[in-house]
Amino acid sequence: MTISHLHILPPENPVPSVASMPDNSSRRWCSHNEDPGFNPHIQVFVAQPAYLCLAEHSASDLESEVGGILVGTWSVDAEQGQEFIVVETALPARFTRQGSVYLTFTQDSLVDLHAEMDEHYPDKQIVGWY
């Protein structure tokens, strides 16, 4: 017997957790297209294991698009009041339909990703996708 967890609606009025922004343990990457002094609405920090997973999965198929979800936390800095996201891991989507210029997350992909989160990351949330 297989038990699946199906999430239909997001929680009512989600709010960020309170945490300290990881400024001291991170580096800010700036695109050469970004204006000097650009201040993003929300800062995104990507942990090294998540970055490595993204890089490896992105290079796994150079003929077709690949993707998945970004798992982590959405927080607000206790001192500055600024919101930020920490991406702690990336979960590659299986059961997708893809081609050289498109990627579709199927229903099976979404059920699989939510099951993986429930089992391995129950205290985390989806903070993005790639």
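This report walks through the fold, the charges, the salt bridges and the aromatic pair of one protein.

The model is predicted, so a few ground rules apply: local features need pLDDT of at least 70, side-chain atom pairs count only at pLDDT 80 or more, and totals for chains, interfaces and linings use all residues. Numbering starts from 1 along each chain as its sequence is written, and side-chain values use heavy atoms, with hydrogens and water left out.

**Overall picture**

Let's start with the fold. The protein has two helices and seven strands; these are DSSP runs, with helices being H or I of at least four residues and strands being E of at least two, numbered from the N terminus. Going along the sequence, the order is β-β-α-β-β-β-β-α-β. The C-alpha trace spans about 50 × 35 × 25 Å along its principal axes.

Take the contacts with a separation of 6 or more: 66% of them are between residues 24 or more positions apart, a contact being heavy atoms within 4.5 Å. Of the 130 residues, 28% count as buried. Here buried means under 20% relative accessible area, exposed means over 50%, and partly exposed is in between (1.4 Å probe, protein chains only).

The accessible surface comes to about 9,700 Å², and 53% of that belongs to carbon and sulfur atoms. Those areas come from the Shrake-Rupley method with a 1.4 Å probe; for residues, only the protein chains shown count as cover.

**Charges and salt bridges**

On the charge side, there are 5 positive and 18 negative side chains, with the centres of the two sets 4 Å apart. Lys and Arg count as positive, Asp and Glu as negative, and His and the chain ends are not counted. Each charge is placed at NZ of Lys, CZ of Arg, CG of Asp or CD of Glu.

How many salt bridges does the count give? It comes to three, taking a salt bridge as a side-chain nitrogen of Lys or Arg within 4 Å of a carboxyl oxygen of Asp or Glu.

| Salt bridge | N to O distance |
|---|---|
| Lys124 and Glu88 | 3.3 Å |
| Arg94 and Asp112 | 2.9 Å |
| Lys124 and Asp123 | 3.9 Å |

What does the Lys124 and Glu88 pair tie together? Lys124 sits in the loop between helix 2 (107-120) and strand 7 (125-129), while Glu88 belongs to strand 4 (residues 83-92), so the bridge joins parts that are 36 residues apart in sequence. Lys124 is partly exposed at 23% relative accessible area, and Glu88 is partly exposed too, at 31%.

Lys124 also pairs with Asp123, which is exposed at 60%. Through shared partners, Glu88, Asp123 and Lys124 end up in one network.

Now for Arg94 and Asp112, whose side chains also meet in a salt bridge. This pair links distant parts of the chain, 18 residues apart: Arg94 is in the loop between strand 4 and strand 5 (96-98), and Asp112 is in helix 2. Arg94 is partly exposed at 47%, whereas Asp112 is buried at 17%.

**The aromatic pair**

A search of the whole structure turns up one aromatic pair. The rings of Phe45 and Phe84 have centres 6.1 Å apart and planes at 85°, so the pair is edge-to-face. For reference, rings of Phe, Tyr and Trp (its six-membered ring) pair if their centres lie within 6.5 Å, and planes under 30 degrees apart count as stacked, over 60 as edge-to-face and the rest as tilted.

Phe45 is in strand 2 (residues 43-46) and Phe84 in strand 4, so to speak a link between distant parts of the chain, 39 residues apart.
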